[in-house]
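User: Please examine the protein shown below and answer a series of questions about its packing.

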Amino acid sequence: MNNTEIIPEEILEKIMTGVAVAGTAKSLGKEAIAKANEGNFEEARNLFLEAKKQFVEVHDCHFDFIQKEASGERVDLCLLLIHMEDHIMTTSLFLDTLEDQINLIERIHKIEAKIF
């Protein structure tokens, strides 16, 4: 891809889907933390599971790019692809720690209930 070519529509669609789905998964995770902070741990865990399901979709989109490159097809870098990668990595890290965060918040709630 040279400077005068635009991003092919198929690639742009995958990139934008990746960004949107990663954003949805992260938003669900933030909702899960909010519910945990309210003491609603069942709903927090349900939101966490929904976020993980959403993230599988973005992983599939990401894997398509990896598969293309591994099979010898050139995948041109562009700022939007890097943006998608950034969303995927930050969401992945957030979701990797989210269940532990919910569990810790629940423990704190239980300790506070005994003290107060």
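**Contacts and helix packing**

Analyst: Leaving aside neighbours within four places in sequence, Lys52 is in contact (heavy atoms within 4.5 Å) with Leu95 and Asp96. The model is predicted, so local features need pLDDT of at least 70 and side-chain atom pairs pLDDT 80 or more, while totals for chains, interfaces and linings use all residues. Residues are numbered from 1 along each chain as its sequence is written, and side-chain values use heavy atoms, with hydrogens and water left out.

User: How far apart in space are Lys52 and Asp96, C-alpha to C-alpha?

Analyst: Lys52 is found in helix α2; helices are DSSP runs of H or I with at least four residues, numbered from the N terminus. Lys52 and Asp96 are 44 residues apart in sequence. In space, their C-alpha atoms are separated by 9.3 Å.

User: Is Lys52 buried, partly exposed or exposed?

Analyst: Buried means under 20% relative accessible area, exposed over 50%, and partly exposed in between, with a 1.4 Å probe and protein chains only. Because its relative accessibility is 34%, Lys52 counts as partly exposed.

User: How are α2 and α3 oriented relative to each other?

Analyst: α2 and α3 pack at an angle of about 160°, with their axes 10 Å apart. Axes are lines fitted to C-alpha atoms, for helices over the stretch in contact, and angles run from 0 to 180 degrees between N-to-C directions. Since angles over 145 degrees count as roughly antiparallel and those under 35 as roughly parallel, the α2 and α3 pair is roughly antiparallel.

User: How are α1 and α3 oriented relative to each other?

Analyst: The axes of α1 and α3 lie 9 Å apart, and the packing angle is about 15°. That angle makes α1 and α3 roughly parallel.

User: Against which helices do the buried residues of α1 pack?

Analyst: The buried residues of α1 include Ile15, Val19, Ala22 and Ala36. These buried residues of α1 pack against α2 and α3.

Note on methods. Helices (H or I, at least four residues) and strands (E, at least two) are DSSP runs, numbered from the N terminus. Angles under 35 degrees count as roughly parallel, over 145 as roughly antiparallel, 65 to 115 as roughly perpendicular and the rest as oblique.
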